[in-house]
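Have it open while you read.

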Amino acid sequence: MIAPDLLYRVFHVANVTFLLYFLIANLFYTLLMVISLYAVSMQTKSAGRREFEGLSSSPVTPPIAIIVPAYNEEQVIVQTVLSLLDADYPAKEIIVVDDGSTDETLERLASRFTLVRMDLIYREHVPTSLPVAMYRSAECPELTVIASEHRGKPHALNTGINIARSPYFCTVDADSVLERDALLRLMAGVVASPENTVVSGGVIRIANGCTMKDGHISAIDLPKTWVERCQTVEYIRTFMFGRAGWSALGATVVAAGAFCLFHRESVMLAGGFSSDTVTEDIDMVASLRRTLTEKGWKHRIAFTSDPVCWTEAPGSLKMLARQRRRWQLGLMQTISKHRGMLLNPRYGSLGLVGLPFHFVIEGIGSVVEAIGTFMVPIAFALGLLPLPMFLLFLLLAVGYGTLLSLASVLLEEITLRRYPKLKHVLVLMIFAVIENLGYRQLVALFRAQGVLRYLLGQKKWERVEHTGVRGELAQEA
Amino acid sequence: MTGIQDLLVIVLWLSIAVVCLDLAFVLFVLVRRAVRHRYFLRKDAARARFVPALKVILSTKIAPNIAIERLGPIRGRAERDALSGSLVAAITVENCTRATDLLVHLGFVEEWAEEAFGRNRALALIRHVHTDEPLDERSSWRWRLAALYNLRCFAVARAAAVQKLGRLAPEYADAFIEEAKHDPSPEVRHVNINNMGRSSSALEYLLPELASAIEERNGIAVRTIKAAIVRAEISNPDVLVGFLQHHSERVRFLVVDSIREVCSKPREVPLSAADFPPAMYRVFLQTLAKDACTDVRARSAAVIRHFRDPAASSVLCRLMRDENEFVRLHAVRACADGYYSALVPEICERLSDQRWRVREAAVKTLMHLGTRGIRALADAFLTTKDRYATEQIADELQRTGALLDVINSLDSGYEPSRIATEVCRKMIAMGKSSFLAEMLGKHQSVAKRERLMDLLSTTHAPYTTAVLDWIASHPTDPLAIAARSREPGGRIAFAAEAGGGK
């Protein structure tokens, strides 16, 4: 009779842990939701004054270098560069770093933009390998293309930093397309802030399902598959609640490298992008905060909720799993690398709240969530968990999730309103419910795998292949 | 069991609450969509009606009450928003007074002023504009609740109102701008500062604000104030002179930099010393060019260049030899003006500067100085033994496309052709042959390609070899044909015969 008793105790402890985890996580998410509702709606109203438009003719608008690391992006690279060339910004340089592509990425750029090979001076401000070749466009003087050996995204970004001459640089993924005024909107907050803004992240939206023309989204539509639709809702929730909420608390941990502005000198001071983790963008935010705090330099790391960048999301579960495992592995690596900041009051709200939350709830919590998703129903089926506790679990794990997702769709509707048709909003609301019934649990499982890989000491970068929107892009092009 | 039953009841109630909230969110989104859809339909229709009518009204002198009659009935929020938006968007320097009168008669000015300053103060301000009735000291109790009014939820609406008020005719705008200066919220003051471009007394307010911003006392970004100073009408330059001698070096630096921006604005006739007030001219040449702060000295150079007189040349010459690299850098950049072409030898000295930024600036400046500068650059490139100087020149020749001009000069007369050939040879000797090789493959002139082929025959750089191989593998390429006929056993012909190429 000892074994069933022990089993009961184990299940009891586990169930209480799961419930506590969901309770704490949901409390935090609710807090973030309330803060974000206020911060994002105020930001939207401020942006309504359209002061950012004045930057386009202002003499004091700082120049930006747009760095696009590209590896085997032959299908999308031309559209991406076209969108960047067409972006409304008075002084920009576009630097595409071809990270040793084995496809025709470089050739397509060369033929479309009439690239001319040159032997330019290369100064290594941050450590990386020497470029193989350098090109400048005869048609577009602001475009520089660097060919380098395949050494990964952080090295490609560092190469771009070394070539850049502007005080700020913006990282843009090769499969992403900026809205025409996105750079102006992103810089508006930086220019208006009395503090030195070293990072400013923008909103990422899913381009799957949209139509592209001349480097711009010409028609917005929702993706066709359920995986992509669930991701659409998830991205809205992440950017509208997560990023905006943490930014308002001054505890930004994650800035999406797909579209993020950095202060170049500060990044160089932090040693550039590092290959220590598989998510160089998250690592950079923590490195910057640590370096600048240690030097006693006042700085600001912000999220701006109105500039939008459209990017391609994984179209299949297999690719989604790869992406989420990598993100989770990178998060764990970053927190481990900067563990000295955890609960350290010197780093303010990031050290006291942001990093601990990401470690416990987003990091370890993903394992708890994944195990709980399987264990709690089993415990209920075996009669080891009473019905009210099971229902409470469902309420916290699923029901409350629908509330948060629907609230994020509501926030999207109040603020950005990027989805024009009523049908879009209805579908988004339906998927705000559906994503909590299977998708979230699957993602939790992928993330738990990422944590496991971290514990096993794996550092593999899992490449996500782009297939979904590419065909549409190629057709339109 | 009671505990479990209680928990069940709580969970059920919580579930019901969550579902109700879910439904409320859904309903809110749907209702909002419908309401907004209706609002924008009406607004678009109203805009289509008002815009042509306003065009006529604002271009002719019509009394406001007649203009309002012509606009027809204005019903509901959507139509009022469409009208105010169209009117504000249509404001120009010429129609500013007529548009403002119309906005006043339509009640928009009162509405915005009330939003920005409260009802009583708004009415007092409007009375003050209309009748010149003196304003009381700010009696508004609102500013005493600064902490509350600093909250963004209140400040955002005030900022929007202040922005619109700043676009009115000066007699109104000045009064509202003056009032908004005292707003406790940095967001409102930021908007107000942006509005100040047309105010005649803007500098008198902006410069002290700049000093406060530097000391982080007013919560406004230095860039915002600087941009406003650059835009402002400079009616009283003496204020600027005072701040050019401010005790804080950061203030001096930013004021000098703002003047630099003002001077850099595009204009038909270039500035000269006569365009500057004598006091300012003297301060720049005698004080700021010798300032203890390197940033001030550096930025002064960019203003002094606009004096275009011997005194300015002499100061720039001295600054180009300053001990600080940034001063040298800015002084060299400042010489990128035809007037200073006599300073070419001094600029050439900077080609061997120990700092690459200065070398780069020297190359760019020489490129800017026309034939004399480019000739000096080519001479320096061919004669200097300084590796860094030649690297910098080679870099700029490629970046600016000047190397293409060099290639085009390969067969244009004896002297230009000789210099061009030497430049190409030096590039090849430095290992910077990629651009030349690229032109070997792509240049439209076969004669120039042949010249390049001759020059490149000494190099075995992989890229050059690849280009030669490519030409060899394309027998119909004009250069391949020319090479075969000219030199049957040559490199290209040999490769082509051996089936070379990649």
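How many helices and strands are there in chain A?

1. Chain A has 14 helices and twelve strands, where helices (H or I, at least four residues) and strands (E, at least two) are DSSP runs numbered from the N terminus. Bear in mind that this is a predicted model, in which local features need pLDDT of at least 70, side-chain atom pairs count only at pLDDT 80 or more, and totals for chains, interfaces and linings use all residues. Residues are numbered from 1 along each chain as its sequence is written, chains are lettered from A and ligands numbered from 1 in written order, and side-chain values use heavy atoms, without hydrogens and water.

2. On overall shape, the C-alpha trace of chain A spans about 80 × 50 × 45 Å along its principal axes. Buried residues make up 63% of its 477 residues; buried means under 20% relative accessible area, exposed over 50%, partly exposed in between (1.4 Å probe, protein chains only).

3. Now over to helix H2 of chain B, residues 64-71, whose buried residues are B:Pro64, B:Ala67 and B:Leu71. They sit on the same side of H2(B), because they cover an arc of only 55 degrees around the axis, taken from the directions from the helix axis to the C-beta atoms.

4. What do those buried residues pack against? Their partners in chain B are helix H1 (2-59), helix H3 (76-90) and helix H4 (96-105), with contact meaning heavy atoms within 4.5 Å.

5. The face of H2(B) turned away from the buried side carries the exposed residues B:Glu69 and B:Arg70. Just after H2(B), B:Gly72 takes a positive phi of about 85 degrees.
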